Amino acid sequence: MDYVNVNRLTKKYGDFTAVDNLSFTVKKGEIFGFLGPNGAGKTTTLNVLSTLSDFDRGEVEIAGFSLPKQEFSVKRILGLVPQEIALYTDLTARENVTLFASLYGLSGAALKSAVDEALAFVGLADEAKKRAKKMSGGQQRRLNIACGIAHGPELIIMDEPTVGVDARSRDLIMGSIRTLNERGATIIYTSHYMPEVQELADRIAIIDHGRLAAIGTEEELLSHVTDRKTLRVGVDGKGDAALIETLSRLPGVKHASLADAELRVDVDLTLPSISPIIGTLMERGLAVKSLAEEAPTLETTFLALTGNELTKEGA
Amino acid sequence: MFIQAKSYILTYFRDKSAMFFSLLFPALLCFVLGTMLQSLDNPDAPLGEIRIAAAAEGGGDAFRTGTASFLDALRDSTDVTIVGSAADADVDSVKAAVDAGEADAGLVFSEGKISVYEGADIVKSGAVRFMAQSFSRQYDAIAVAVANDPQRMEEILAVADQSHDGLTEKQVSGVNRSMMDFYAVAMIVMIAFMGNGIGGASTFFSMRRDGSLRRITASPKSRVQIFFGYMLGGLVQSAAQAAVVMLCAYFLYGASYADRWQDNVLLFCFFLLLGAAVSGMCNLFGLFVRFNPYTPLMAIFWAMLYMSGTFNKDIAIPGIKLPPAAAQEAAFDLTVFGRDEKTLAAMAVCAAIIAASGILGSLLLKRKAVVL
């Protein structure tokens, strides 16, 4: 059953088309990953789904309610976790959650219970009386989530909820998202951190220039890339931008990047020989320590579809 | 609506800088000004006894008669003492009495002219000068009338012999005023503009910046409720500010404001509405602009307050009454003269501004692009 149905959505800002005939569906109870480079139209799409932005053309339906006509019905079932830490920093954790939950009509014992549950859910029950500004970045992120989910929304839109958090907070957040999903919430999730999306999402949509580049499960997306493979070359020595540019110009090389003494080169499957690559490295005085071939990953797929590296932009 | 108001109020009362600038700073200002001004002018305080050394030399019958009548009237006054006998004194003895501090001022009546010798106390000397000027003008008028029709002299003398009950002294206002009465009102007006203005403008601007406005507008609350909720918060802030300054000035320095408690309640309500109106307009401004409104608003408000005489009691541009000046005038009209017409009119204007800001703000907030 399609819970979210976006059909030929178009949104323009003056002459700039931020979202161009975008169509996708999200099933009820699904974690739906939303990927795209900066400026791809992700945030605009999320704003439309969150009822925060109008659109120029197309149809958007959430839980059977049509936007913008039945906007208030959509708002009632929606939980928003924005990328910004949207909190009242002078208020305590409890006051923040209480405030945002009460916007959805909760009051009295039901409100208190919902607030307690949300704080416990994100591991902040012991910090309930702490002011938001006194919390660590990770705690603020978790509180940001608690504020978006306390009222028990059916659909939760999470825009980069783990930006800038430590590993422990990231694990806590990831765990809580899975639990929310297990309890029946449908989640639309964006992140610049590819492994998160791979780990969480049932299905993933990749958008670029406001258009849908690909959609499906991880396996389905990987199947889009059948023309390339990745070479992982361990090197001894320092590479630079000039080396990457030289490698990228070699016949059959689609993309090259260097990080932590490992060179990753995406090449055509039909590449007859890797000698030009090795030769270039040796000319630059870089010794090859190891060489391995890797099947396409989601990162490679994203790169192939959008021409951009996701993690580099979001880092 | 009360949820937004509550969040605004909680945030306001916990924000140390907001507390400092809108509550502690005015209270400190009250303390500093009150201490500084305590010993200074008290415009309605009695001058006390005024001692006048007088000498009457020569002049015609009419002048002598008028002079004697004037000095008798001064002697009858409980606040004035005529030092020595005017008939026996001369210019030198008058000057000597003033120089020696035996008299606050000297008056010499000679040949139709009055000379005033001023002593060290400029306020008392000034009072004597005004008395003499008043007499001189009156005498000139009589002299002209008599010169044209000598028969009228008898009529005038007959009138002069009658009792002088024509002048009835009335207290203009029942309480004495101190400088704190002026500054407390001026300070509340200042805080209404600075505190509510900056607070109001920052509300939506900072909420948009930190994303909480997105979260709030994504909720099922109507945008009218959201905007009016924050305006309600501004009203509470306004009440707190006015109460702090009014009570501080009243209890610490005896500022009395209006005579009647009903007028003081009206004054408080006026300040409340004034702050809320400024807050509402600035809410709107903060929602409308994309830059930090703090700096331009500070500059505008300081300039307006300065030109309205809030700091120096002078209106910078004669004929142009800026909002702070109009607010101060309305408040002073109520406190000094007990007249509430201007205050009620100003309250009506504030109420209209609050309503208009609320409607415009709600409409503006309905434009989704404003939130993002």
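A crossing of two helices is called left-handed if the near helix is turned anticlockwise from the far one by less than a right angle, and right-handed if clockwise. In the predicted model described here, local features need pLDDT of at least 70 and side-chain atom pairs count only at pLDDT 80 or more, whereas totals for chains, interfaces and linings use all residues. Residues are numbered from 1 along each chain as its sequence is written, chains are lettered from A and ligands numbered from 1 in the order in which they are written, and side-chain values use heavy atoms, with hydrogens and water left out.

Within chain B, helix α3(B) passes helix α5(B) in a right-handed crossing, helices being DSSP runs (H or I, at least four residues; strands are E, at least two) numbered from the N terminus. The axes of α3 (residues 61-76) and α5 (residues 122-148) of chain B come within 11 Å and cross at roughly 145 degrees, where axes are lines fitted to C-alpha atoms over the stretch in contact and angles run from 0 to 180 degrees between N-to-C directions. The contact (heavy atoms within 4.5 Å) involves B:Ala62, B:Phe63, B:Gly66, B:Thr67, B:Phe70 and B:Leu74 of α3(B), together with B:Met131, B:Ala132, B:Phe135 and B:Tyr139 of α5(B). By class, this contact has 8 nonpolar, 2 polar and no charged residues, with Ala, Val, Leu, Ile, Met, Phe, Trp, Tyr, Cys and Pro taken as nonpolar, Asp, Glu, Lys and Arg as charged, and the others, Gly among them, as polar.

Between the chains, 26 residues of chain B are in contact with 31 residues of chain A. The two chains bury about 2,700 Å² between them, 55% of it on carbon and sulfur atoms, buried area being the accessible area (1.4 Å probe) that two parts lose on being put together, summed over both. In chain B, the residues losing the most area to chain A are B:Arg14, B:Arg215 and B:Lys368, together 32% of what that side buries.

The elements that give two or more residues to the side of chain B touching chain A are α1 (2-14), α7 (179-210), α8 (212-217), α9 (223-253) and α14 (368-371) of chain B, and the largest share, 6 residues, comes from α1(B). That side of chain B has 9 nonpolar, 8 polar and 9 charged residues.
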